[in-house]
Amino acid sequence: MATIAWQYFVNNYQESTGLVNAVNDYPSVTWWDASSYLAGMVSALEFGIIEKEEFDRRFIRFVATLNTLDLFMGELPNKAYNTQNAAKVDYANQPGEIGYSALDLGRLLIWLHIIKHRFPQFASAIDSAVLRWNFCNVVDETGTMFGALLEPGKPVQYLQEGRLGYEEYAAKGFELWGFNTKQALMPEPYATINMYGYDIPYDTRDPRKLKAHSYVVTESYVLDGIEFGWDVTSDRSAHDNNYSHQWVAEFALQIYRVQEKRYQETGIITARTEHQLDGAPYFVYDTIYTDGFAWNTISEVGAFLPQYSAVAIKGAMGMWVLWDTEYTDLLFEHVSHVYDREKGFYEGIFENGTGLINTFTSNNNGILLEILLFKKQGKLLQYQSTVAPSLWEKALQSPFGYEGQCLPRTAAAD
């Protein structure tokens, strides 16, 4: 399975930049998708699918691009880039800048941190890239995360970004680098709705006011489980079943249980998370709960699209690796052969019996690879026993030369 998933990254690699297409044969990428590529590349090396020589070549090219690409307004990486020339683009892959995503950058910071500690020889190159960034508008003094939105003819808007599940996951990325994300890491404001006897947590912020929907899906809880072991970032212990981020682990369990129960009650195999489509609207949030409705599948603008409900490969495999039950064995049997050997794993299987989602993505195949690596190694955030002080740590202790970038303060700097 890992070898087949890696084939996606063989096919979609762009030598000129070291980036990988987010969707098969389409030369554009976001930093969330790029992070899934990093996860896939680390996993491919650990499985022996690629040699260290190829890993080094690919990562050196990637981090060189990260060290030289144009930033949005000189602040942070733009939401999307052309993978062939590393130019800032909009979502139609046309030149231009559109803002940045705190969630995408949080995931990128997680994977740069994981690589930095698994392969400390790359720490300086990674730190050099991150030290180019200006963090003043992405995390405020309360620990709230903000994304940037630039629309034609309007000034830049900095909007609070992240909803329950994704917000806490991405906040851990900034926290790993020393930022205060206290507010973003709190589950509040949330409530629960009873579904099949389980209290399912959801974010209570109003999408009508804040222009951001609150989606209850599987992906963020799976990523927190396999990358952090549902632990807080300060927990450097090896993988175990004592989850130091207890409420995240409990919420994740509820997310799993309600999907299992839906199958038991209706016979519909259920593994819900957001996924790509092979045609318009190209992307849906396939939720357990959103906008007041259970099992609601919607587009990014809120259109109701139940025909695109699907068993997501990454959702099914994530539950399989984190919970050992008869239901997760069924999920594995349902999705483990849903691939094209020449292209990687398909995005998913439609619930209504109309077949496969005929598209292949970096996010799906990269997350599948890291899921399989978790099966082998346990939580993926691992630390070397001795690592020399990094460029980043030195900059925090003596921020001379980095004034105005709003780096986190350390005791030594104070």
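This is a predicted model: local features need pLDDT of at least 70, side-chain atom pairs count only at pLDDT 80 or more; totals for chains, interfaces and linings use all residues.
Modeller: Local features here need pLDDT of at least 70, side-chain atom pairs count only at pLDDT 80 or more, and totals for chains, interfaces and linings use all residues. Residues are numbered from 1 along each chain as its sequence is written, and side-chain values use heavy atoms, with hydrogens and water left out.

Colleague: Why is Ser-28 called buried?

Modeller: Buried means under 20% relative accessible area, exposed over 50%, partly exposed in between (1.4 Å probe, protein chains only). Ser-28 has 9% relative accessibility, so Ser-28 counts as buried.

Colleague: What is Ser-28 in contact with, leaving aside its neighbours within four places in sequence?

Modeller: Contact means heavy atoms within 4.5 Å. The partners are Asn-21, Ala-22, Ala-80, Tyr-81, Thr-83, Val-89 and Asn-93.

Colleague: What makes a space a cavity?

Modeller: On a 1 Å grid over the protein atoms alone, a cavity is a set of points where a 1.4 Å probe fits but cannot get out; lining residues have an atom within 4 Å of a point. Grid points are joined across faces, edges and corners, and a volume is the space filled by probe spheres set on the points. By this rule there are 2 cavities of 30 Å³ or more.

Colleague: Which residues line the largest cavity?

Modeller: Arg-163, Leu-164, Pro-201, Tyr-202, Asp-203, Ser-214, Tyr-215, Val-216 and Tyr-221.

Colleague: Which residues line the second largest cavity?

Modeller: Among them are Gly-165, Glu-168, Trp-247 and Val-248.

How values were computed
On a 1 Å grid over the protein atoms alone, a cavity is a set of points where a 1.4 Å probe fits but cannot get out, and a pocket is an open set with protein on both sides within 12 Å along at least five of seven lines; lining residues have an atom within 4 Å of a point.
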